[in-house]
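Please look at the sequence and the model before reading on.

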Amino acid sequence: QVQLVESGGGLVQAGGSLRLSCAASGGTFSHYAMCWFRKAPGKAREFVEAVGRNSFGTYYADSVKGRFTLSRDNAKNTVYLQMNSLKPAGTAVYYCAAGSSYYYPYNCQHWGQGTQVTVSS
C-alpha cells in the first residue's frame, strides 16, 4: 500500500508562495492518481487539486484556479503543489492523497499526515 509524506509547509505572508511536496513509497506511484486537499480550523475538508496517473486530467477548485499548480514527477515518486498569491484564507493543513481510479475524482483514499500552511495578512 502506498505511503505518503508531505513537506514544504510553513508560514508565509499574503501574496507569497510555497511549494508543497508529497513523496510516495510502498507502491507503484505511476499507477495512482494524486489529489491535494486542505482543512482549515473549524471548516470541512476541501478539495484543492487532482491529477491523473500520467499527468492527464488535472482538476482545480475554483478558489485556487490560476494561483496553484499541481505537477507530478513519476521518476521521483513525488507530486508537487506550487502555491502562488497565497491568501490568509489558504491557512490550513494540506494533505495529499493517492487514488486508484483511472477516472476523476480518482477515489483518493490513501492519505499522508498533512503539512501546515499559515498565511499571515
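## Basis

The model is predicted: local features need pLDDT of at least 70, side-chain atom pairs count only at pLDDT 80 or more, and totals for chains, interfaces and linings use all residues. Residues are numbered from 1 along each chain as its sequence is written, and side-chain values use heavy atoms, with hydrogens and water left out.

Helices (H or I, at least four residues) and strands (E, at least two) are DSSP runs, numbered from the N terminus. Strand 8 covers residues 78-83, and five of its six residues are buried. Buried means under 20% relative accessible area, exposed over 50%, and partly exposed in between (1.4 Å probe, protein chains only).

Two strands pair if DSSP finds at least two bridges between them. Strand 3 (residues 18-25) runs antiparallel to strand 8, joined by six bridges; Ala23 has Thr78 of strand 8 as its bridge partner. Four residues lie between strands 7 and 8 in a hairpin, where Asn77 in the turn has a positive phi of about 55°.

## Salt bridges

A salt bridge is a side-chain nitrogen of Lys or Arg within 4 Å of a carboxyl oxygen of Asp or Glu. The count is two.

One joins Glu46 and Arg38 (2.8 Å, N to O). Arg38 is buried at 6% relative accessible area, whereas Glu46 is partly exposed at 30%. Another joins Asp62 and Lys65 (3.4 Å, N to O); Asp62 is exposed at 65%, and Lys65 is exposed at 52%.
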